[in-house]
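Biologist: Could we go through the helix packing and one of the pockets together?

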Amino acid sequence: MEAIFELIFNELRRSTRASEQNCREVAARLATEVMRICEQSQRIQTLGDEEVWAVKLARHRLQQCLHYYYLRATTARLDLHSTLSAIVYRYIAPSRTSSAYQRRLTLIEDFLQGFYVEALTAFRREGANCEAAPISPTYTPRTLLELAEFLSFTERYAKRRIPISNRSRQQLIILRAQAFVQQQPPETLIDMEQVADNGSVESTPHNMDEVLLRQVGEMMLIQEQGINQQNQLRQSVINELINYLEEHQQHDCVQYFVLRLNDSNTKEIESIMNLTPRQRDYLQQRFKYHLIRFALLHRWELVHEWLEAEIDKNLGLTPQQWQTFLARLDSEQQTLLQLKRQKLPDLEVAQSLGWTVSHTQKQWFKLLEQAWDIRNFLP
């Protein structure tokens with residue numbers, strides 16, 4: 001148990017920006033779950049080498065948790081929502097109107113919001129058994145790491161295999177989806193409008209406590225606000241990039257960008273723009289050049305805000321990546337970084353360093369480029 005805890009704890013400290021206490025609590029819960037599975041799994045007990053399986057399972061849990069952590073809050077929720085929607089899509093359809101696409105999407109939304117309530121209840125119940133960091137009956141994820149822990153648990157909970165006969169097993173979420181469509185058992189149905197409005201729950205099956213529903217309602221509201229804000233930032237980035245390309249007389253790049261936004265494939269782009277493969281490849285490289293200039297120089301603040309990699313957040317780098325980044329900077333670059341942290345205009349930064357504004361912008365571009373490479377290509 002201690003070895004598994006140390007493995008998880010050290011990796012969380014190395015790969016996230018969470019506090020030591022937060023890493024310790026999450027690591028304790030993950031380690032407890034790993035050891036419980038190893039002790040209760042007949043397959044693992046039969047095969048032997050329980051320690052080897054515990055390490056493999058711990059690394060798998062870490063990978064799942066870090067996956068959602070790196071996606072950040074809003075994108076992580078959307079990623080899980082998309083994954084679960086894809087699993088239940090074929091099982092949830094309006095009665096006699098399986099082709100009614102919008103109606104199906106509405107049903108899936110209703111079902112998944114109810115399933116998230118169930119997952120949160122299960123997370124609290126199972127987390128209460130961790131002696132080192134027990135979860136309270138009113139627990140709600142507060143930090144990015146805790147949210148990642150809960151989202152990864154929800155995915156695993158949804159995919160649990162439940163025996164339905166001597167030789168057959170089915171994923172839990174599929175069984176819940178089938179029951180939802182049949183409206184049996186009734187406890188799978190939840191009035192989500194009531195949840196969102198924090199209404200009374202006296203008529204809710206199983207007498208689900210008001211606190212739980214209110215918290216889920218708050219999570220839904222936060223998620224909706226986060227999605228709206230993310231969509232607004234995304235649209236701002238798109239508009240600014242198109243304006244940038246137009247100002248630089250890159251009209252064919254604008255057309256290429258719009259086609260890419262519409263998920264047009266390579267052959268469609270070549271056909272619509274009347275390009276040969278070689279011409280399309282050249283256009284793609286030219287667009288990439290301007291995209292990098294836009295993202296790291298022209299409107300770097302907007303792009304980094306959209307990516308949740310602002311300078312106040314260490315440019316989106318983990319603690320280990322941040323230390324690697326700082327180690328690569330010379331003294332002038334470190335001074336430049338400190339001045340930029342103060343949110344000074346380029347003219348003041350240039351005067352402080354004895355540089356021209358043009359040289360200051362060029363050096364900042366190189367610095368952001370280094371951070372970009374570390375963030376995307378180093379663990």
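Predicted model: local features only at pLDDT ≥ 70, side-chain atom pairs only at ≥ 80, totals over all residues.

Biologist: At what angle do α1 and α2 cross?
Modeller: Helix α1 (residues 2–15) and helix α2 (residues 20–40) cross at roughly 140°, and their axes come within 8 Å. That makes α1 oblique to α2. Helices are DSSP runs of H or I with at least four residues, numbered from the N terminus. Axes are lines fitted to C-alpha atoms over the stretch in contact, with angles from 0 to 180 degrees between N-to-C directions. Angles under 35 degrees count as roughly parallel, over 145 as roughly antiparallel, 65 to 115 as roughly perpendicular and the rest as oblique.

Biologist: Which residues of α1 make that contact?
Modeller: In α1 they are I4, F5, I8, F9, L12 and R13, and the α2 side includes C23, V26 and L30; contact means heavy atoms within 4.5 Å. By class, this contact has 13 nonpolar, no polar and 3 charged residues. Ala, Val, Leu, Ile, Met, Phe, Trp, Tyr, Cys and Pro count as nonpolar, Asp, Glu, Lys and Arg as charged, and the others, Gly among them, as polar.

Biologist: And α2 with α7: how do their axes cross?
Modeller: The axes of α2 and helix α7 (residues 144–158) cross at roughly 20° and come within 10 Å. That makes α2 roughly parallel to α7. From α7, the contact is made by L145, E146, E149 and R156; on α2, the residues include N22, E25, R29 and E33. The contact of α2 with α7 has 4 nonpolar, 1 polar and 6 charged residues.

Biologist: How far apart are the axes of α4 and α7?
Modeller: They are 8 Å apart, and helix α4 (residues 50–71) packs against α7 at an angle of about 120°. The two helices are therefore oblique to each other. From α4, R61, Q64, C65, Y68 and Y69 meet α7 residues that include L144, A148 and S152. This contact of α4 with α7 has 7 nonpolar, 2 polar and 4 charged residues.

Biologist: Changing topic, which residues lie nearest the centre of the second largest pocket?
Modeller: Those are F287, L291, I292, A295 and W372, out of 23 lining residues.

Biologist: Which helix gives the largest share of that lining?
Modeller: Helix α13 does, with 9 residues. The lining of the second largest pocket divides into 16 nonpolar, 2 polar and 5 charged residues.

Methods. Residues numbered from 1 in each chain as written. Heavy atoms only, no water. 1 Å grid on protein atoms, 1.4 Å probe; cavity = no way out; pocket = protein on both sides within 12 Å on 5 of 7 lines; lining within 4 Å.
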